[in-house]
Amino acid sequence: MIALMFGPPGSGKGTQASRVAVLLGIPHIAAGDMLRDEVAHDTALGHEAKPIMDAGGLVPDDLVVRMIESSLNQPDAGKGVLLDGFPRTVPQAITLDAMLARLNEKVDEVISLEVPDDELKTRILKRATTEGRSDDTAEGLAQRLVVYRQETAPVLEHYSAAGTRIDAINGVGDIDAITDRIMEALRQNGAVAGTA
Ligand code: AMP
């Protein structure tokens, strides 16, 4: 199964994607983590990405696409993948669809985490004190929310128009309870085996 974990900054995408990927037994491919890794290793890509990430912008599509394409071609991606933070623009989604079509695959499922803006702000500012991410500031969040609405929210419309299954999940509450909601939704719609 090719699934996307979708949601605004601070919605818990990364946390939920890593848990759900383990439960589904498929690799978790997180664009933001891969970019932070490039920054940490001071690669050419990391060097280009860091100021953009710190300002809450989006790294150019071609750079992110190349990075994701190489991980989709890894042998362990054969059983499926859970993509987190990619695609984040409609052009990225169109490129992903074409990449998957070449592998006779498509996006089967979009898990969309829904969290109100006030809660996102509280979570990001709390994460700033615990994880020390350089983009977790009030200004960084404000810019990431603008970018999310303008560039990323249309990706959901792209998949909705394509008839892809979209599960809207309430992303507020206990971390375990949210994981349960996601797994229950996947069971209900037949994406994973189990009683509904
Ligand atoms: P995340 O960890 O998913 O919140 O991503 C952190 C930052 O990495 C984002 O604010 C962007 O600057 C950058 N980034 C992550 N994924 C993408 C993507 N698919 N396209 C462009 N930039 C991205």
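This is a predicted model: local features need pLDDT of at least 70, side-chain atom pairs count only at pLDDT 80 or more; totals for chains, interfaces and linings use all residues.

The rest of the briefing goes from the overall build down to one strand and its neighbours.

**Overall build**
- You'll find eight helices and five strands in the chain.
- Reading from the N terminus, the elements go β-α-β-α-α-α-β-α-β-α-α-β-α.
- The chain has a radius of gyration of 16 Å, close to the 16 Å that the globule rule gives for 196 residues, so it is as compact as a globular protein of that length.
- Along the principal axes, its C-alpha atoms fill a box of roughly 45 × 40 × 30 Å.

**Inside and contacts**
- Of the 196 residues, 42% are buried.
- Take the contacts between residues at least 6 apart in sequence: 72% of them join residues at least 24 apart.

**Charges**
- There are 19 positive and 30 negative side chains, and the centres of these two sets sit 3 Å apart.

**Strand β3 and its partners**
- Strand β3 covers residues 81-84, and both of its faces are covered.
- On one side of β3 are Val81 and Leu83, on the other Leu82 and Asp84, and all of these are buried.
- Strand β1 (residues 2-6) pairs with β3 in the parallel sense, over four bridges; here Ile2 stands opposite Val81.
- Strand β2 (residues 28-30) also pairs with β3 in the parallel sense, over three bridges; His28 has Leu82 of β3 as its bridge partner.

Conventions. Residues are numbered from 1 along each chain as its sequence is written. Side-chain values use heavy atoms; hydrogens and water are left out. Helices (H or I, at least four residues) and strands (E, at least two) are DSSP runs, numbered from the N terminus. The radius of gyration is taken over C-alpha atoms; the globule rule is 2.2 Å times the number of residues to the power 0.38. Buried means under 20% relative accessible area, exposed over 50%, partly exposed in between (1.4 Å probe, protein chains only). Contact means heavy atoms within 4.5 Å. Lys and Arg count as positive and Asp and Glu as negative; His and the chain ends are not counted. The place of a charge is taken as NZ of Lys, CZ of Arg, CG of Asp or CD of Glu. Two strands pair if DSSP finds at least two bridges between them.
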